[in-house]
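Morning, everyone. One chain today, in a few minutes. Please have a look at it first.

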Amino acid sequence: DAAHRRRARAAHLRGGIAGILDPDEDALGRLLLDHLDGRSGEPLLERDDGHTGAALGPEWLFAEHDRWVEAEREAFELVRGRVLDIGAGAGRHSLEAQRRGLEVVAIDISPGAVDACRRRGVRDARLLPLEEIDEQLGVFDTALLMCGNLGLAGNAAETSALLQRLHDVTSSEGRIVFDTVDPHVENDADDLAYLERNRVTGRMPGEVTIRIRYRELATPWFTLLCLSPAELEALAEGTGWRLAWRKDGEPPDWYGLLEKP
């Protein structure tokens, strides 16, 4: 349904997966390369409670700037300086930053995604897992965590560690531009049961365990963390970041800016 499809925005990247994806795990990469080669196909999103639905297809992953939703365009106006695009996918944010004259390093753990970025003109696209983000990449002014990638590290502790890592590789006026899904909005009965199961087991409500299927390929199961604004503010305490701006998109999506106090 529509709510499930919007949540799929936050699930095209492989949160919590360590290392580079093997070829038989690279469902997203195959989808992106198939699209570039003129082959059509639709990915499937599976949740660990058996819930399934359509994942985001190429119409979203390859969308040009004028096709982005208004809140996403507003958020992107906050991007400045040297940019680290984390989980770059098909490279649409990197390409828009380049068009604005910004230097961009695009990273992903999907070999197909990195290939797609390079084929589309992203000048610096690298296969690089989250745990290898460090000072060797240089200093950035903006870190991009778009399309739900704010939660791609995994659970709350892992997301907090990622925020601290990004604090270390950004300038004194560095910022994080992101979007995520509020897990408490637009829920059906299955979603409400999933939130309650998380609470009972001590997980944050918005921790979802999912995987992406495309043709014969499937990613490993991974945990993606979706957060409300209040939950993010609490999680960001002690990481060196504060929520400085937010904008609601189509529910349950919202966009934000983290800055250093």
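Contact here means heavy atoms within 4.5 Å. Of the contacts in the chain with a separation of 6 or more, 68% are between residues 24 or more positions apart.

A word on the source. This is a predicted model, where local features need pLDDT of at least 70, side-chain atom pairs count only at pLDDT 80 or more, and totals for chains, interfaces and linings use all residues. Residues are numbered from 1 along each chain as its sequence is written, and side-chain values use heavy atoms, with hydrogens and water left out.

Now the fold. The chain has nine helices and twelve strands; these are DSSP runs, helices being H or I with at least four residues, strands E with at least two, numbered from the N terminus. The radius of gyration is 17 Å, close to the 18 Å from the globule rule for 261 residues, so the chain is as compact as a globular protein of that length. That radius is taken over C-alpha atoms, and the rule is 2.2 Å times the number of residues to the power 0.38. The C-alpha trace spans about 45 × 45 × 35 Å along its principal axes.

Next, burial. Buried residues are 60% of the 261. Buried means under 20% relative accessible area, exposed over 50%, partly exposed in between, with a 1.4 Å probe and protein chains only.

Last, one residue. Gly 101 sits in the loop between helix H5 (92-99) and strand E4 (104-108). Buried or exposed? Gly 101 counts as exposed, because its relative accessibility is 65%. Arg 82 is 19 residues from Gly 101 in sequence, and 9.8 Å away in space, C-alpha to C-alpha.
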